[in-house]
Amino acid sequence: MWKKTVTGSALRGSIAAVCGIAFLLFGYDQGVLGAVIGLPSFRDEFDNPNRNLEGIIAAIYDMGCFVGAIVAFLTADRWGRKGSIAWGSWIMVVGTILQTSATEKIQMIISRIITGIGNGINTVNVPIWQAESFKSQNRGAMLVIQSALIALGHPLSTFMGLASQQADPSSFAWRWPIAFQGFFLVIILGVLPFLPESPRWLVQHDRLEEATVVFAALEGKDATVNDAKVIRERDMVIASVQQERELGEASWAEVFTEGKNRNISRVLLGAGPYMFNQWSGINSLAYFLPITFERNIGLSTQLSLIISGVLGIQYFLVSWLPYFFIERAGRRKVMILSAAGCSFCMVMITIMLEVGTIASQWVFVAFCFLFFDIFSWGILPVSWMYASEIMPLRTRNKGVALGVGSHWLSNFVVVYVTPGAIDNLGPKLYIIWAVLNASFVPITYFFYPETARRSLEDMDEVFLNERFGVTKCRKPGPRKLDIDSDSENENVPYGGEKGPNVAQQIGALM
């Protein structure tokens, strides 16, 4: 049970730290199997799995995440943000124990489903808890920070695999990196009871006294429940929740009806960038980066892990760059340039593999580095921002749920087919990704309206004035002069409209 022992920046920092560890875990989980699946001890343990079974073991985790995300959307309001994160983390603990102790293929598959369900629950609730516990006026900034932390999880899992590889042929070489997931979970579960529930969730459930105490604790500086600023923040959230109640939430039938609000058009446009994310081919590389280097250009397991880890570190560092330009340049421009750049990288990757010389193999590695960089500058952040920026309030939750579902299902397909495709298609696999990336350019240019510097009301007006088809809204909205940012910030509620919303925060899960 939370007690008001820490307040202000210490409390906010503690919440941010727990969320940061959760984001690191998201990234670590995505990379850890790729770091161990090529180890002799892993392959011996599971009778040298064929490419189809490799795909199943890797991809079934994403199906678990899909189920967990759906469960979270259905139950999060009942369990609360903290309660949901605790449930998700305990489910992951069970999955981690079962994975670490696996001696049969079926146990590994089932345990990865369980771990995925827990992770799916957390990928929904951790970002919401953070968003509703902080004031923020920069949606892009929080998204970029989360993306960077998730990106850091990839090289961490790779280097953990590299370190434990020294124990090969002992099964410790692959069991330890998988067990290390528990390190993150112990911290999350150990600290979570000492942190408060989301004040917005408390207001939604009419627990106003508790919510006021949390608002005062987050404010810090000896703030009390009777302070004018605390009361004002609470009342703003109460007003926002009341407005949502009066507005109501759309039925599924309404979501799939066009109508004057063009609901189905927005659902399709919102789901698109989620799918662009996966069908760019990013996880065809990210999940299997070490064995991609081993099987495509014949590098040793150790050198493949080292290069994969270095690539991951660079990916983490460059993923911060969109913070400086994504609001100014707009979503469309960075998406178009990123997709075109990713397509070019995939073309060059294909050519270098076809050439097959030692020099071309290292150029292949260089373009893998460049692909990750360009992906992180556009497709990655936009894919997790766009849906929430075009959905009307009544259909937002269900529209986002469909978008996240399309993300995880696409992830499953891509990861499942990759091991066999590397062997059966060879370089032709990457030309498929090149063509898909190239197709995103005209699709984005002709059909996707610009959302940067536009409010939800502005986007409602755009969709009311345009029929489904070619958009005319291709430039960011007008710049708004921020005369007194400190004064304005005082009037932004926790988790309020100027803060990061749900879809922008789920994410960046690649």
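Let's start with a charged pair: Glu389 and Arg331 meet through their side chains in a salt bridge, 2.8 Å from N to O. Because Glu389 sits in helix H20 (residues 379-390) and Arg331 in helix H18 (residues 331-355), the pair ties together parts that are 58 residues apart in sequence. Keep in mind that this is a predicted model. The salt bridges come to twelve in count, and a few are picked out below.

**Salt bridges**
- Back at the opening pair, Glu389 is buried at 4% relative accessibility, and Arg331 is buried at 1%.
- Arg175 and Glu45 form a salt bridge whose closest N and O atoms are 3.4 Å apart. Arg175 belongs to helix H7 (residues 172-179) and Glu45 to helix H2 (residues 40-45), so this pair links parts 130 residues apart in sequence.
- Arg175 is buried, with a relative accessible area of 16%, while Glu45 is partly exposed at 25%.
- Glu210 pairs with Arg207 in a salt bridge, with 2.9 Å between the closest N and O atoms. Glu210 is partly exposed at 34% relative accessibility, and Arg207 is partly exposed at 33%.

- Glu54 lies in helix H3 (residues 51-79) and is buried, at 0% relative accessibility.
- Its side chain makes polar contacts with the side chains of Arg43 (2.6 Å) and Arg295 (2.8 Å).
- A network of salt bridges links Arg43, Arg51, Glu54, Arg295 and Asp423.

**Thr301**
- Thr301 is in helix H16 (residues 301-318) and counts as buried at 18% relative accessibility.

Definitions and conventions. Residues numbered from 1 in each chain as written. Predicted model: local features only at pLDDT ≥ 70, side-chain atom pairs only at ≥ 80, totals over all residues. Heavy atoms only, no water. Helix = DSSP H or I, 4+ residues; strand = E, 2+ residues; numbered from the N terminus. Buried < 20%, exposed > 50% of the residue type's maximum accessible area, 1.4 Å probe, protein only. Polar contact = N/O pair within 3.5 Å; in protein donor to acceptor, adjacent residues only side chain to side chain. Salt bridge = Lys/Arg side-chain N within 4 Å of Asp/Glu carboxyl O.
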